[in-house]
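Work through the exercises below with the model in view. Try each task before reading its solution.

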Amino acid sequence: MDKVKQLEQLARLLDNSFRIPGTSFQMGLDSLIGLIPGIGDTTGGILSTYIIWQAARMGVPRVVLLRMGVNVILDALLGAIPFFGDIFDIAFKANRKNIQLLSNYYQSPQAAVQRDTVSIALIAASIIVAVGLVAWLTIKLLAWLIHAIG
């Protein structure tokens with residue numbers, strides 16, 4: 001479990017190492033690095049992936065690793081949006097969430113795997129519905145444009 005403690009320290013450094021003056025909000029190196037246009041969020045994502053890599057080396061099941069990966073991808077993608085992404089990055093704290101997933105797995109492996117399996121299924125279903133909705137709206141828009149032109 002020494003490795004988990006080291007990963008907790010890394011997550012704290014990345015997500016909660018500084019208090020924003022005049023507020024109760026904390027941010028870390030990930031948020032600061034994310035302010036660098038172009039490379040900041042990519043660099044933060046790479047640092048966050050280290051926690052997942054170490055969890056994989058520790059034998060954590062794939063479904064838990066996948067759930068951790070979703071957190072990092074969400075953090076990197078939404079964090080890349082100017083201004084909104086910086087605020088999101090301060091609030092979301094993907095690394096702390098991933099350490100919690102890791103801790104949950106070690107406290108109750110079967111329950112964690114079941115919970116993460118349900119989470120991944122819901123995320124996949126949400127993506128399928130969103131893509132279907134975008135496709136449907138695109139078809140409706142094209143049909144309306146063709147009708148308007150013709």
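Predicted model: local features only at pLDDT ≥ 70, side-chain atom pairs only at ≥ 80, totals over all residues.

Residues are numbered from 1 along each chain as its sequence is written, and side-chain values use heavy atoms, without hydrogens and water.

**Exercise 1. Find which residues line the largest cavity.**

Step 1. The structure holds one cavity of 30 Å³ or more. A cavity is a set of points on a 1 Å grid over the protein atoms alone where a 1.4 Å probe fits but cannot get out; lining residues have an atom within 4 Å of a point.

Step 2. The volume of the largest cavity is about 60 Å³. Volume is the space filled by probe spheres set on the points, which are joined across faces, edges and corners.

Step 3. The lining is Asp 30, Asp 41, Gly 44, Gly 45, Ser 48, Val 72, Asp 75, Ala 76, Asp 89 and Ala 94. Helix H3 (40-57) and helix H4 (62-79) each give two or more of these residues. Helices are DSSP runs (H or I, at least four residues), numbered from the N terminus. H3 gives the largest share, four residues.

**Exercise 2. Decide whether Trp 144 is buried or exposed.**

Step 1. Locate Trp 144: helix H7 (residues 109-149).

Step 2. Apply the cut-offs: buried is under 20% relative accessible area, exposed over 50%, partly exposed in between (1.4 Å probe, protein chains only).

Step 3. Trp 144 has 56%, so Trp 144 is exposed.

Step 4. Compare Gln 110, also in H7. Gln 110 is exposed because its relative accessibility is 59%.

How values were computed:
1 Å grid on protein atoms, 1.4 Å probe; cavity = no way out; pocket = protein on both sides within 12 Å on 5 of 7 lines; lining within 4 Å.
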